[in-house]
Amino acid sequence: MRIAAVELSVVRLPLVRPFETSFGQMAAREFVLVAVHDDGAVGWGECVADADPFYSAESTTTAWHVLTKYLVPAVIGRTFAHARDLSAAWRRVRGHPMAKAALEMAAWDLEARQASRPLCELLGAGARPIASGVSLGIEPTVDALLARVETELAAGYRRIKIKIKPGWDAKPVEAIRARFGAIPLMVDANAAYTPADAATLASLDRFDLMMIEQPLHYDDLVQHAALQRSIRTAVCLDESITGPAAAADALELGSCRIINIKPGRMGGFGPSLAVHELAVARNVPLWHGGMLESGIGRAHNLHLSTLERFVLPGDVAASRRYFVPDLIDHPIEVAPDGTVAVPPGPGIGVIPVPSRLSEATLQREEFR
Ligand code: OSB
Ligand code: MG
């Protein structure tokens with residue numbers, strides 16, 4: 001594959017409904033979309049960095065800066081045997097995993113399209129239905145949250161995750177258990193607690209949650225290990241798992257029992273495959289996280305989710321939960337059994353609808 005041309009766009013899509021987490025409220029997604037061209041073939045990648053650096057240090061602006069100034073210049077005009085080799089070209093650039101992942105994953109899509117194979121096969125697996133869960137934001141009232149849970153269970157989703165923060169934790173969980181019984185239920189704190197809250201977090205043990213996701217600081221492993229020793233519920237790490245080294249440290253320390261994989265957070269599919277290998281070796285359950293991606297990023301996530309160690313339902317829900325219309329030609333749908341199909345065809349299996357893309361584009365630049 002030769003990186004003959006790269007097209008970068010900043011795209012803005014309003015969310016179907018605002019999404020509130022412990023770090024703030026989002027009403028729209030604003031992200032960098034990458035198109036990599038070679039000889040008529042195009043590979044697509046979506047940068048999961050948000051407009052604001054609240055989930056992690058990266059933002060749309062930093063991703064644009066690092067892509068235009070460093071990452072694209074490092075690969076443009078060059079030939080690579082495999083998409084996983086691109087990362088060697090930007091080895092000197094520290095950090096910025098979301099910017100790197102967007103370009104690396106576009107190259108994976110291009111490589112798969114040029115081989116006329118679905119991306120999941122290049123990643124070492126094969127298409128299978130992916131069990132899907134939903135991530136529900138913080139609501140103004142418990143009743144509003146219960147109504148959302150009811151809707152998503154009726155749609156077939158296999159697990160409910162609710163966002164929590166101090167003051168919005170045991171109360172909504174207790175209300176969901178009271179109304180819906182023993183459904184697969186988990187919580188995500190997005191780093192909103194400190195070790196001083198250990199008693200509050202331990203009090204959630206009585207609800208038999210599948211896991212508590214990222215309760216403590218976003219780059220901590222040591223305090224999570226102490227917390228995991230003191231509670232029965234499994235800790236799952238999201239923000240803290242920045243790549244294979246952090247994953248190995250977390251498992252060694254006992255910081256978590258479950259890992260949430262997001263290729264954007266770790267720098268792309270290369271590092272994600274390394275974490276997957278580690279999880280196979282150590283028998284650690286994985287699931288695929290979501291970053292409110294458009295259908296482009298979600299299609300990448302579905303292909304990666306076909307690997308064997310993704311044994312828990314992922315945050316890979318239907319297009320209509322996020323964007324109407326989605327950026328892609330064939331919206332992603334959930335089946336009545338709560339699974340989502342991997343888009344068939346070469347590469348990720350979907351492309352942006354040109355008119356929707358141009359309507360949503362705020363800024364654009366081409367490199368050749
Ligand atoms: O922590 O998993 C998270 C969305 C944005 C940033 C971080 C997270 C999330 C979600 C939504 O939970 C998952 C999705 O449905 O895409
Ligand atoms: Mg999370």
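In the predicted model, Val149 touches Leu136, Ile160, Ile176, Phe180 and Ile183, when residues up to four places away in sequence are not counted. Val149 belongs to helix α5, which spans residues 142–155. Its relative accessible area is 0%, and Val149 is therefore classed as buried.

Although 33 residues separate Val149 and Ser116 along the chain, their C-alpha atoms are 40 Å apart. The backbone of Ser116 has a phi near 50 degrees, a positive value in a residue other than glycine. Most residues other than glycine have a negative phi, and most peptide bonds are trans.

Leu292 also has a positive phi, near 55 degrees, and is likewise a residue other than glycine. Leu292 is located in the loop between β11 (286–288) and α12. With a relative accessibility of 12%, which is under the 20% cut-off, Leu292 counts as buried. A further backbone feature concerns the peptide bond from Val324 to Pro325, which is cis, with omega near 0 degrees. Pro325 is situated in the loop between α12 (295–304) and β12 (339–340).

The magnesium ion (ligand 2) has three named protein donors: Asp188 through OD, Glu213 through OE and Asp238 through OD, at 2.1 to 2.3 Å from the ion. Along the chain, these donors follow the spacing D-x24-E-x24-D. Asp188 is part of strand β7 (residues 185–188), whereas Asp238 is in the loop between β9 (235–237) and α9 (244–253), so the pair ties together parts that are 50 residues apart in sequence. Asp188 has a relative accessible area of 1% and is accordingly buried. For Asp238 the corresponding value is 0%, and this residue is buried as well.

The C-alpha atoms fill a box of roughly 60 × 40 × 35 Å, taken along the principal axes. Of the 368 residues in the protein chain, 58% are buried. Among contacts between residues at least 6 apart in sequence, 72% join residues at least 24 apart.

The protein chain exposes about 14400 Å², of which carbon and sulfur atoms supply 53%. Its side chains include 37 positive and 42 negative ones, and the centres of these two sets lie 2 Å apart.

Definitions and conventions: Residues are numbered from 1 along each chain as its sequence is written. Chains are lettered from A and ligands numbered from 1 in the order in which they are written. This is a predicted model: local features need pLDDT of at least 70, side-chain atom pairs count only at pLDDT 80 or more; totals for chains, interfaces and linings use all residues. Side-chain values use heavy atoms; hydrogens and water are left out. Buried means under 20% relative accessible area, exposed over 50%, partly exposed in between (1.4 Å probe, protein chains only). Contact means heavy atoms within 4.5 Å. Accessible areas come from the Shrake-Rupley method with a 1.4 Å probe; for residues, only the protein chains shown count as cover. Lys and Arg count as positive and Asp and Glu as negative; His and the chain ends are not counted. The place of a charge is taken as NZ of Lys, CZ of Arg, CG of Asp or CD of Glu. Donors are N, O and S atoms within 2.8 Å of the metal (3.2 Å for Na, K and Ca); water is not among the atoms, so sites may look incomplete. Helices (H or I, at least four residues) and strands (E, at least two) are DSSP runs, numbered from the N terminus.
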